Amino acid sequence: MDPNQIQAPIENYANPKTCLFHVLFKGAALAFYILSALFFNSFVIIFVVTVLLAALDFWVVKNVSGRILVGLRWWNEINDLGESVWKFESLDQESLSRMNKKDSWLFWWTLYLAAAAWFILGVFSLIRFQADYLLVVGVCLSLNVANIIGFTKCKKDAKKQFQQFASQTIASRFQSTVQSAFTLV
Amino acid sequence: MSQGDTVPLHPSSQSDIDEIENLINESIQSGPGTVLAARPPSPTRPSIPVSSSPFMQSNLPPLPPSSSAQKVTPVPVPPPLPVVSNSSNSQGGSQGIGASGFGSPPNTLTEPVWDTVKRDLSRIVSNLKLVVFPNPYREDPGKALRDWDLWGPFFFIVFLGLTLSWSASVKKSEVFAVAFALLAAGAVILTLNVLLLGGHIIFFQSLSLLGYCLFPLDVGAVICMLKDNVILKMVVVSVTLAWSSWAAYPFMSSAVNPRRKALALYPVFLMYVSVGFLIIAIN
């Protein structure tokens with residue numbers, strides 16, 4: 001056998017099915033919106049199907065692919081005082097660093113690209129003065145942007161948590177070392 | 001004082017040394033896992049019915065491990081449905097279910113997808129029942145719609161738009177677009193109205209509420225679509241209109257200062273009346 005073939009394989013997608021779904025609904029919404037003008041005359045169908053696909057995509061990204069591909073999750077709660085609180089959740093640091101790089105690259109880049117694509121489509125419909133299509137684009141864009149903001153905040157929160165935890169551990173170990181040093185002396 | 005004894009370690013100092021050793025060992029072991037940590041699922045791990053949401057917001061209690069051990073099950077809003085075991089579990093029992101211990105609180109990161117779907121669906125149903133049907137928790141509106149979600153309202157608005165569009169014999173697209181835009185923009189504006197009147201309401205909670213209160217009008221629109229008699233339509237629409245307003249009343253009125261109740265409620269009523277007219281007028 002050729003020794004070159006035995007080298008470590010290039011890292012592949014660890015969760016191909018999830019990646020597929022992550023991209024599937026986004027792509028379907030965009031494709032349907034762009035191509036529908038060729039096939040359907042009815043605005044209603046275009047609107048409902050596109051917004052439905054965008055909503056499904058929002059749900060999938062928020063609940064499934066966010067969890068599995070990058071180990072992050074965000075949501076909003078209303079606490080006892082009636083205030084709204086944003087909550088973030090993330091895997092611990094070792095699991096995070098074990099996440100597949102390709103997966104997370106795909107996750108973030110498709111999020112950004114989809115939002116950019118909707119924005120461009122929105123500009124087009126604005127130029128053509130089509131207010132109803134602008135409505136569709138507006139809804140889809142806001143769903144995408146909501147996900148982007150949520151996950152970005154969640155990632156920052158995870159980093160902050162890790163730093164806090166690291167400094168806490170160092171502080172507590174230092175403390176116990178000092179304690180033991182003093183009592184044994 | 002004893003003489004001739006070899007001096008044993010004073011009992012308290014022996015235990016001190018033990019304590020210190022324990023501390024050192026603990027700090028080494030408690031390393032990973034004391035922070036919001038979730039391990040990827042092991043094969044035998046039971047699925048954890050914790051709530052979370054899509055558009056839907058979860059009421060998962062806060063996760064810091066220091067509180068997970070102390071947090072107890074009594075929760076302000078037990079959902080009134082005995083059937084919906086998922087949401088009741090998620091309220092507080094989730095802290096205990098499946099948790100392998102103090103250091104690894106249960107969380108929504110490692111649950112199977114099907115659980116998430118089921119949980120969200122059950123949340124829609126429970127929210128609907130809370131808002132639209134009489135139940136003992138209506139009088140405490142701040143707590144009743146705690147788990148707001150936007151899926152329910154989305155479906156109801158789209159359904160109403162589709163029903164109206166179907167009933168219309170001409171200009172179907174315009175009817176749908178107008179209905180959707182009216183309802184969506186109306187909900188946003190009504191919420192802003194309450195906020196500007198100095199009321200205490202959370203934006204998404206109010207949107208969610210106004211969406212759920214459309215359910216009676218949806219039912220009315222379906223009936224009107226099936227039977228084309230004008231008198232019947234007027235009766236059905238007035239009944240469902242009254243039902244919708246009744247559903248929205250406690251939430252809206254409790255959010256504002258009592259002297260401004262009418263100012264907050266009147267626009268809501270107006271919006272539902274206009275939707276009612278739309279239903280009657282479509283032929």
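User: Is Phe151(A) buried or exposed?

Analyst: In this predicted model, Phe151(A) counts as buried, because its relative accessibility is 0% and the cut-off for buried is under 20%.

User: Which ring does Phe151(A) pair with, and how are the planes set?

Analyst: Over all chains, the structure holds 21 aromatic pairs. In one of them, the rings of Phe107(A) and Phe151(A) have centres 5.1 Å apart. Their planes stand at 85°, so the pair is edge-to-face; the cut-off for that class is over 60 degrees.

User: Where do Phe107(A) and Phe151(A) lie in the chain?

Analyst: Phe107(A) belongs to helix α4 (residues 101–127) of chain A, and Phe151(A) belongs to helix α5 of chain A. The pair therefore ties together parts that are 44 residues apart in sequence. Phe107(A) is buried as well, with a relative accessible area of 0%.

User: Which residues are in the ring cluster with them?

Analyst: Ring pairs link Phe107(A) and Phe151(A) into a cluster with Phe58(A), Trp74(A), Trp86(A), Trp108(A), Trp109(A) and Tyr112(A).

User: Which lysines lie over the rings of Trp74(A) and Trp108(A)?

Analyst: Lys62(A) lies over the face of Trp74(A), 4.6 Å from the ring centre. For Trp108(A), the charged end of Lys155(A) sits over the ring, at 4.6 Å from its centre.

User: Changing topic: how many salt bridges does the structure hold?

Analyst: There are 2 salt bridges over all chains. One of them joins Lys26(A) to Asp57(A), with the closest N and O atoms 3.2 Å apart. This pair links distant parts of the chain, since Lys26(A) is in helix α1 (residues 16–39) of chain A and Asp57(A) is in helix α2 of chain A, 31 residues apart. Both Lys26(A) and Asp57(A) are buried.

User: And which side chains meet in a salt bridge in chain B?

Analyst: Those of Asp228(B) and Lys233(B), at 3.2 Å from N to O. Asp228(B) counts as exposed, because its relative accessibility is 56%. Lys233(B), by contrast, is buried, with a relative accessible area of 4%.

User: What does chain B look like overall, in helices and strands?

Analyst: Chain B has 11 helices and 0 strands. Buried residues account for 48% of its 283 residues. Among contacts between residues at least 6 apart in sequence, 76% join residues at least 24 apart.

User: Where does UniProt place the transmembrane regions of chain B?

Analyst: The UniProt record, an unreviewed entry, gives the annotation "transmembrane region" to residues 150–168, 175–196, 202–223, 230–251 and 263–282 of chain B. In the model, residues 150–168 of chain B are 89% helix and 0% strand, and their end C-alpha atoms lie 27 Å apart. Residues 263–282 of chain B are 95% helix and 0% strand, with end C-alpha atoms 30 Å apart.

User: And where are they in chain A?

Analyst: For chain A, the unreviewed UniProt entry places them at residues 30–60, 105–127 and 133–152. The span 105–127 of chain A is 100% helix, and its end C-alpha atoms are 33 Å apart. The span 133–152 of chain A is also 100% helix, with end C-alpha atoms 29 Å apart.

User: What span should helix α7 of chain B have at 1.5 Å a residue?

Analyst: Helix α7 (residues 172–196) of chain B has 25 residues, so at 1.5 Å a residue it should span 36 Å. The expected span counts one less than the number of residues. The end C-alpha atoms are 35 Å apart, which agrees.

User: Which residues of α7(B) are buried, and what do they pack against?

Analyst: The buried residues include Phe176(B), Phe180(B), Leu183(B), Gly186(B) and Leu190(B). In chain A, the buried residues of α7(B) pack against α2 (43–70) and α5 (131–184). In chain B, they pack against α6 (151–167), α8 (203–212), α10 (230–255) and α11 (261–281).

Definitions and conventions: Residues are numbered from 1 along each chain as its sequence is written. Chains are lettered from A and ligands numbered from 1 in the order in which they are written. This is a predicted model: local features need pLDDT of at least 70, side-chain atom pairs count only at pLDDT 80 or more; totals for chains, interfaces and linings use all residues. Side-chain values use heavy atoms; hydrogens and water are left out. UniProt positions are given in the numbering used here, feature names are shortened, and annotations may be inferred rather than shown by experiment. Helices (H or I, at least four residues) and strands (E, at least two) are DSSP runs, numbered from the N terminus. Buried means under 20% relative accessible area, exposed over 50%, partly exposed in between (1.4 Å probe, protein chains only). Contact means heavy atoms within 4.5 Å. Rings of Phe, Tyr and Trp (its six-membered ring) pair if their centres lie within 6.5 Å; planes under 30 degrees apart count as stacked, over 60 as edge-to-face and the rest as tilted. A charge sits over a ring if NZ of Lys or CZ of Arg is within 6 Å of the ring centre and within 35 degrees of the ring normal. A salt bridge is a side-chain nitrogen of Lys or Arg within 4 Å of a carboxyl oxygen of Asp or Glu.
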